[in-house]
Amino acid sequence: MSFFDRFLKKQPLSSIPNIPFGRYSDSYKSDVQYDQWEAAISAFDTENYIVSLTLFLNFLKNDKGSNIQTWSEEGVLRFEIIQGSKKIIGQADGEHIEVEAKVAKTQGLKLAFMKQLMERNYSLRYSRFALDSNNDISMRFDTDLIDASPYKLYNALKEVAINADKLDDILIDEYADVLLPIDNQHIEDGTPQEKDTKYEYINQWIERVLHSSEELDRKELDAGVAYLLLNLTYKLDYLIKPEGFMMESLERIHRQYFASDNKSIEEKCDKLIEELKNINSRPKEELTKEIYHTIATFGITSPVNHERVSSFIDGELPNMEWYLNNDYPNIALAIPGYIAGYCMFEFAVPKPDKDLFHLYFEIVENDFFTKLGFDNNYYNSNTTKFNKVAIKQRIQSIAKINLRKHPFLRPDVNLLNFKSLQAFSFSYMKMIRGLNLSEG
């Protein structure tokens with residue numbers, strides 16, 4: 001085998017680690033699924049409620065159909081929906097639909113968490129927290145089928161699914177003395193290699209950024225420090241994909257920084273640093289138990305078009321120039337990372353943007369992916385050399401996959417500048433910014 005054969009060899013599909021990245025989005029549905037949605041609405045309008053519900057559940061199925069199970073039992077339609085660590089059980093007869101998701105098993109009732117759940121009920125529109133006959137915490141939704149349009153069902157089931165999935169780990173972590181997991185046998189634990197690698201990089205990335213932040217003049221470079229901290233936050237969210245405590249900490253960082261609270265950037269950065277230190281101080285067993293794989297049905301990110309992505313790139317990317325000119329290469333590199341990470345954290349971006357942002361992470365964090373078991377060879381951090389051919393081929397492959405929906409998709413790989421990691425990252429974001437994602 002020649003040098004180039006080894007350098008460009010493709011990793012067999014069977015050997016590619018089955019590791020998901022980033023936040024799930026239900027925005028990438030097929031034409032067949034949207035046909036099911038339209039049929040569900042038509043059936044509801046003609047008062048065929050069970051047929052409408054069945055079609056609606058078909059619309060919710062993911063590519064493999066592993067997130068939804070339906071069956072009939074004594075004239076009752078029963079169904080099961082998987083959302084992360086939670087299982088949502090429902091049933092519908094000819095007149096009524098009931099849904100329940102068990103959140104946590106109780107070994108005793110505490111006023112603190114009961115009060116917390118009561119307060120959360122005020123923010124819910126369709127569902128409610130409750131105690132079942134065994135005093136276990138559950139979320140419930142029910143309504144007459146005549147009121148169960150596909151629109152209402154989507155919003156109601158999403159509310160149950162996302163709240164139950166998010167809250168179980170948080171409550172159990174906070175009240176470990178009286179609460180236990182329940183109905184989570186379907187989750188798949190990460191492999192020891194995945195857990196060890198992610199734990200290593202959580203610590204490595206946080207310590208590196210905290211050290212860089214301490215060396216900078218926080219008053220003069222408050223925006224630069226913010227770029228470092230936010231880039232780290234979104235990178236952890238996307239690449240580590242944690243659940244429970246760490247996921248909530250990262251979301252809290254996002255909320256705190258963008259809150260309209262009249263606090264200065266320096267004050268906000270202090271809060272972010274405190275949160276990141278709390279993550280870094282958690283014992284390994286506590287962090288790694290939050291690294292597991294799940295199936296999802298509902299996404300929490302909002303769909304946006306490519307123009308929104310381009311606008312965000314235009315607003316942030318030019319800031320690289322000042323940091324490069326003033327010899328702050330780490331801050332400069334954090335800006336394109338922040339762009340990719342923020343977009344994947346906050347939005348459900350168009351599929352080509354999503355695929356290309358993921359490739360960006362594979363390139364600039366090549367060592368991390370290699371340690372996880374991927375065989376990318378896009379960038380060698382020791383020699384600072386790029387595999388230009390492999391990168392361009394992967395970009396063209398992404399374009400080809402998405403060409404049917406986006407017939408004018410022609411990434412301009414000639415824009416790419418491989419002089420340095422900073423130069424490449426800048427040119428890569430410019431390439432994404434210039435995509436034509438008009439649909440045919």
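**Figure 1. Helix H7 in the predicted model.** H7 is mostly covered, with 17 of its 19 residues buried. The structure is a predicted model. At 1.5 Å a residue, the 19 residues of H7 should span 27 Å, and the 26 Å between its end C-alpha atoms agrees with this.

**Figure 2. Helix H8 and its buried residues.** H8 covers residues 244-258, 15 residues in total. From first to last C-alpha it reaches 22 Å, close to the 21 Å expected at 1.5 Å a residue. The buried residues of H8 are Gly244, Met246, Met247, Glu248, Ser249, Leu250, Glu251, Ile253, His254 and Tyr257. These buried residues pack against several helices, among them H5 (150-174), H6 (192-215) and H7 (222-240). Helices H9 (265-280), H10 (284-288) and H13 (329-346) are also packed against by the buried residues of H8.

Figure 3. Of the H8 residues shown here, Glu251 and His254 are listed as buried.

**Figure 4. The hairpin of strands S3 and S4.** Strand S3 (residues 86-92) pairs with strand S4 (residues 96-106) in the antiparallel sense, over five bridges. Three residues lie between S3 and S4 in this hairpin. Glutamine 91 has glutamate 98 in S4 as its bridge partner.

**Figure 5. Strand S4 with strands S6 and S7.** S4 pairs with strand S6 (residues 137-144) in the antiparallel sense, over eight bridges. In this pairing, glutamate 100 has arginine 140 of S6 as its bridge partner. S4 also pairs with strand S7 (residues 179-180), again in the antiparallel sense, over two bridges. Here lysine 105 stands opposite leucine 180 of S7. In a regular strand, side chains alternate between the two faces of the sheet.

Figure 6. The average pLDDT of the chain is 92, and 96% of the residues score at least 70. Over residues 1-9, pLDDT stays under 50. For this segment the model has seven contacts beyond four places in sequence.

Terms used. Residues numbered from 1 in each chain as written. Predicted model: local features only at pLDDT ≥ 70, side-chain atom pairs only at ≥ 80, totals over all residues. Heavy atoms only, no water. pLDDT = per-residue confidence, 0-100. Contact = heavy atoms within 4.5 Å. Pairing = 2+ DSSP bridges. Helix = DSSP H or I, 4+ residues; strand = E, 2+ residues; numbered from the N terminus. Expected span 1.5 Å × (residues − 1). Buried < 20%, exposed > 50% of the residue type's maximum accessible area, 1.4 Å probe, protein only.
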